[in-house]
Amino acid sequence: MKESNVVHIQAPVTVVGDIHGQFFDLIEIFEIGGNIPDTNYLFLGKERRERLMIPESHADFAISVGDYVDRGLFSVETISLLTCLKLRYPSRVHLIRGNHESRGVTQSYGFYTECSRKYGNASVWHYFTDMFDFLTLSVVINDQIFCVHGGLSPSIHSIDQIKIIDRFREIPHEGPMADLVWSDPDAERDEFSLSPRGAGYTFGAQVVKKFLEVNSMNHILRAHQLCQEGYQVLYDDRLSTVWSAPNYCYRCGNLASVLEVSDKGERFFNVFDAAPENESFKEHQAKSQGTEGVVTDYFL
Amino acid sequence: MDEGRTFKQHGFTITTRKLPILKAGPIEEMTSKLGIAPPEMIFGDNVARIEYPDKNWSIEFNAFDALDRVDKKGTELKVAYSKEWHQSRQNHSDDIKEVVKPFDWSYSTDYKGTVSGAPAFEPTETSIPLELLKRPDPILFFDELILYEDELADNGITMLSCKVRIMPARLLLLCRFFMRLDDVLFRIRDTRVFVEFGTCEVTREYLAREEKYEAVKHKLMMQGETGPEAMRDPNRLANLLPIVDGSLEKLVLK
């Protein structure tokens, strides 16, 4: 709650993108990226999955860039683990709010249903979504790398304009707070454009350049968009997307990555595939339901 | 590339291929060929195909051809809070007026498959024999795959998928487009291809269903369904959506 809307940290740090309740894969992240508190983490939202490791030696930060919940089978486990880590290591783990950390979206995309199914009522969902209102909106690494879940907003030119947003609320449909968690880059444009959906913006190369100049930074790091390779770098290396949910929705077959930022600010994408536990869990479920290898789908 | 699974029955060859979503390179290529941005999850290498090699005839379902039938000029559809969003924007003095090349971002398609070879489908009155398909005949081959999917920036879902099942004497392929735009609209567009192996008859049925979101919600409530699960299940929803378009065609491969 005391955290600013813009948290400043120093590398080394590992940055994590969308997880979306893929808990087994989150555990995998801690295996490849190092255990907390040895590694500092930054989560960019929508976590679907995660893996916890035992503290080892040197200490970095971890940031997650939002979207911790929805769509995966283990949103409850994922957000519970991340919340515990944040409470245990408040200055080493940072959780940025994603567009899925909201009451509205979690009702349609699985977190609400999962909470009701696992607990028999919606109170756990209420507690977590209340907590989401406190998550920070952005992190700046080494005064150089701006981390946010979605992207830029036409109402925000300077970082200081983010600091004055009243973030302790449900994510609104419009305005700077909505843009930060929703907007997407569009490599074919220079400026801001309206989305064909009738709400929301896309931002182009010039917008990114200008924002970095005004704020004396050199890179924007965001999540929010699925990439088959696990990450995507745009605009002459001025912006990257990091995606941390491999085999998204258990059917996309995509890779995932976490971004490791060294103390000097060098960026390295650590790419990984879906954790084997996903498959064994599926087999175990099929066995316990007696549906193993049987085709009975008489669809019409 | 992986050729996928094939199954041969009575001179027909059925193929299904399921691969990961496309990488950035192929997505760019597809974007320039289509002229519109493809959906978030694009299974561009997936295919479901029914071939009759003796006649050089085939029908297949793939993502590119389906997306090529999406309206590339625009759509009337807007997200539920669009009006509110635009009104609040007017208070700001920004000058962003350009809409990125408008196109049907719901990716609604009336795709009925890609046919090659002769003969062509002709209109028919004889519908697909549901009674024969309801019989518990053994299923010799079953597969399902997705061609594309998009979460409409978390305003619902749009998905094009295929299912196929082969029984000893016949087969059924269902290609289903399902769209839910939250608080706005539901669409289900089904293409069914039915093959009776004995007579070499191929029947193709297309049915488009559509209903306003509120009306569907009301109908579900009348049936005692209040949870969000039913809103995601096209099987549960199909009968609640009135038919707005359709066609029935047939051809014989002998």
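This is a predicted model: local features need pLDDT of at least 70, side-chain atom pairs count only at pLDDT 80 or more; totals for chains, interfaces and linings use all residues.
In which loop of chain A does A:Asp70 lie? A:Asp70 sits in the loop between β4 (61–66) and α2 of chain A.

**Residues with positive phi**

- Most residues other than glycine have a negative phi.
- A:Asp70 has a phi near 80 degrees, which is positive although the residue is not glycine.
- A:Asp70 counts as buried because 30 other C-beta atoms lie within 10 Å, and the cut-off for buried is 20 or more.
- In chain B, B:Asp154 also has a positive phi, near 60 degrees, and is not glycine either.
- B:Asp154 belongs to the loop between β8 (141–150) and β9 (156–166) of chain B.
- B:Asp154 has 18 other C-beta atoms within 10 Å, so it is partly exposed.

**Cis peptide bonds**

- Most peptide bonds are trans.
- The bond from A:Ala11 to A:Pro12 is cis, with omega near 5 degrees.
- A:Pro12 is located in the loop between β1 (6–9) and β2 (13–16) of chain A.
- In chain B, the bond from B:Ala118 to B:Pro119 is cis, with omega near 0 degrees.
- B:Pro119 is part of the loop between β6 (114–116) and β7 (122–123) of chain B.

**Helix α5 of chain A**

- Helix α5 of chain A spans residues 123–132, and its buried residues are A:Trp125, A:Phe128, A:Thr129 and A:Phe132.
- These residues are on the same side of α5(A) because they cover an arc of only 95 degrees around the axis.
- An α-helix has 3.6 residues a turn, so residues three or four places apart point the same way.
- The exposed residues A:Ser123, A:Tyr127 and A:Asp130 are on the face of α5(A) turned away from its buried side.
- Among the elements that cover the buried residues of α5(A) are α2 (75–88), α3 (103–108) and α4 (111–119) of chain A.

**A six-stranded sheet in chain A**

- Six strands of chain A form an open sheet with mixed pairing, in the order β1-β6-β7-β11-β13-β12.
- β1 and β12 (231–234) of chain A are at the edges with a single partner strand each, so one side of each has no neighbour in the sheet.
- On average, neighbouring strands of this sheet are turned by 20 degrees against each other, direction ignored.
- Strands of a sheet pair through backbone hydrogen bonds, either parallel or antiparallel.
- β1(A) and β6 (residues 138–141) of chain A run parallel and are joined by four bridges.
- Opposite A:Ser138 in β6(A) stands A:Val6.

- Strand β3 (residues 41–45) of chain A contains A:Tyr41.
- A:Tyr41 counts as buried because it has 30 C-beta neighbours inside 10 Å.
- A:Tyr41 and A:Val16 are 25 residues apart in sequence, while their C-alpha atoms are 7.2 Å apart in space.

**Where chain A touches chain B**

- Contact between the two chains involves 38 residues of chain A and 39 residues of chain B.
- On the side of chain A that touches chain B, α3 and β9 (193–194) of chain A each supply at least two residues.
- α3(A) gives the most to this side, with three residues.
- The residues of this side of chain A comprise 15 nonpolar, 16 polar and seven charged.

Key:
Residues are numbered from 1 along each chain as its sequence is written. Chains are lettered from A and ligands numbered from 1 in the order in which they are written. A residue is buried if 20 or more other C-beta atoms lie within 10 Å of its own, exposed if 12 or fewer, and partly exposed in between; C-beta atoms are placed from the backbone. The arc is that of the directions from the helix axis to the C-beta atoms. Two residues are in contact if their C-beta atoms, placed from the backbone, lie within 7 Å. Ala, Val, Leu, Ile, Met, Phe, Trp, Tyr, Cys and Pro count as nonpolar, Asp, Glu, Lys and Arg as charged, and the others, Gly among them, as polar. Two strands pair if DSSP finds at least two bridges between them. Axes are lines fitted to C-alpha atoms, for helices over the stretch in contact, and angles run from 0 to 180 degrees between N-to-C directions.
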